[in-house]
Amino acid sequence: MPPATPEESAARVAEREWPPLRARIVDLAAALDRLDRAGDAAPIRAVHDEAARLIAILLDNESTGRAERVLGSMSRPYDPRWRARFAAGETAID
Amino acid sequence: MDYIDPHIHMVSRTTDDYATLARMGCVALSEPAFWAGFDRSGVEGFRDYFRQLTEFEPTRAAQHGIEHYTWLCINAKEAEDVALSREVIAMIPEFLDRPGVLGIGEIGLNKNTPNEATVFEEHVDLAARLGELVLIHTPHLADKLQGTRMILDMLRDDGRLAAEDVLVDHVEEHTVHHVLDAGYWAGITLYPTSKCTPERAADIVERYGPDRLLVNSAGDWGPSNPTAVPDFIVEMRARGHAEATIRRVVLDNPLRFFGRCKRFVSPKRLSAK
């Protein structure tokens with residue numbers, strides 16, 4: 001079945017999407033500030049680094065599919081040989 | 001708009017939620033067997049749970065004019081105990097002919113371990129031998145993509161289940177195309193933090209079309225919103241989608257999938273129209 005295209009103008013989409021997007025950006029900024037206030041220990045730096053890595057994906061305006069790429073980048077790898085690896089005694093595919 | 005929530009765990013919700021669902025237009029819901037938040041002590045714990053799913057919850061739902069359907073299995077988390085799982089799987093046929101039972105579910109993977117895969121395949125074998133529908137849980141967060149692809153591998157390698165008889169649930173942007181390309185029904189779960197939002201679900205419907213897509217709340221004992229499906233309806237309307245398109249996802253598709261069950265009886269409120 002083809003994609004479902006709603007009857008909406010570009011102006012209407014921009015008008016609808018901007019307020020929640022702005023709010024989420026402010027939430028993101030506040031969360032990063034919260035991490036800063038928690039100090040510079042290794043667990044905090046790890047979260048900062050991971051957040052920075054993922055935000056870089058968001059800033060790529062050359063291609064769509066950001067949600068898919070962000071989720072994929074946070075996923076454990078898939079190995080089509082998982083059955084053979086389990087048969088060999090492995091208990092996790094990483 | 002009349003709608004169906006095809007995946008919600010009402011054993012963990014108060015009766016107030018049934019009242020809210022009824023006010024929001026829910027005509028029916030389906031409740032897969034799941035992890036209760038703790039590991040049950042043995043097979044008799046599951047026997048009592050299956051009685052709750054097939055006796056008490058339909059009664060509670062009916063008091064609010066909602067049809068209750070259910071699915072039976074041992075969930076992926078407790079499937080790490082293969083011996084217990086085999087006892088539960090052996091017990092399932094005792095309950096399959098009870099009113100409202102749609103099939104086997106929600107089976108699946110949790111941490112994508114060998115034991116979980118073994119128990120998943122044994123559930124699939126049961127469903128294939130008995131001609132049952134299957135509802136599948138895909139793992140959370142970082143485990144989801146790997147687990148979904150392993151699940152699709154196992155379904156393909158078994159080969160006995162018709163694609164129209166399988167719903168792969170909790171899809172997100174990085175897994176939905178794998179499920180749809182394989183020909184299965186795909187469920188989008190509207191659940192805070194770990195799964196989708198109504199907005200992202202609407203995006204997925206716009207990108208892939210409403211064919212073979214369902215949405216659900218998966219309301220359970222964690223922070224969850226049992227009115228998530230109405231939120232999706234509101235989001236789709238705000239974007240200008242036709243009522244027929246929205247109804248396709250929230251009512252027609254669940255009815256078509258449930259209708260594949262040989263025991264399925266349509267919700268009384270719909271039959272009366």
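Modeller: Helices (H or I, at least four residues) and strands (E, at least two) are DSSP runs, numbered from the N terminus. This is a predicted model, in which local features need pLDDT of at least 70, side-chain atom pairs count only at pLDDT 80 or more, and totals for chains, interfaces and linings use all residues. Residues are numbered from 1 along each chain as its sequence is written, chains are lettered from A and ligands numbered from 1 in the order in which they are written, and side-chain values use heavy atoms, with hydrogens and water left out.

Biologist: In what order do the eight strands of chain B form the sheet?

Modeller: The order is 1-2-3-4-5-6-7-8, in an open sheet with parallel pairing; two strands pair if DSSP finds at least two bridges between them. Strand 1 (3–5) and strand 8 (213–216) of chain B are the edges, and each has a single partner strand, so one side of each lacks a neighbour in the sheet. From one strand to the next, the twist averages 25°. Here axes are lines fitted to C-alpha atoms, for helices over the stretch in contact, and angles run from 0 to 180 degrees between N-to-C directions.

Biologist: Which strands does helix 1 of chain B lie across?

Modeller: Helix 1 (residues 15–24) of chain B lies across strand 1, strand 2 (26–31) and strand 3 (67–72) of chain B, and runs at about 130° to strand 2 of chain B. Contact means heavy atoms within 4.5 Å.

Biologist: And how many bridges link strand 4 and strand 5 of chain B?

Modeller: Five bridges, in the parallel sense. G103(B) has L133(B), in strand 5 of chain B, as its bridge partner.

Biologist: Changing topic, where is the cis peptide bond?

Modeller: That bond joins G105(B) and E106(B), with omega about 0°. E106(B) belongs to strand 4 (residues 101–108) of chain B.

Biologist: What is the phi of L141(B), and what of H170(B)?

Modeller: L141(B) has a positive phi of about 50°, and H170(B) has a positive phi near 60°. Most residues other than glycine have a negative phi. L141(B) is in the loop between strand 5 (133–137) and helix 5 (144–158) of chain B, while H170(B) is in the loop between strand 6 (166–168) and helix 6 (176–181) of chain B.

Biologist: Is H170(B) buried or exposed?

Modeller: H170(B) is buried, at a relative accessible area of 3%, whereas L141(B) counts as exposed at 55% relative accessibility. Buried means under 20% relative accessible area, exposed over 50%, and partly exposed in between (1.4 Å probe, protein chains only).
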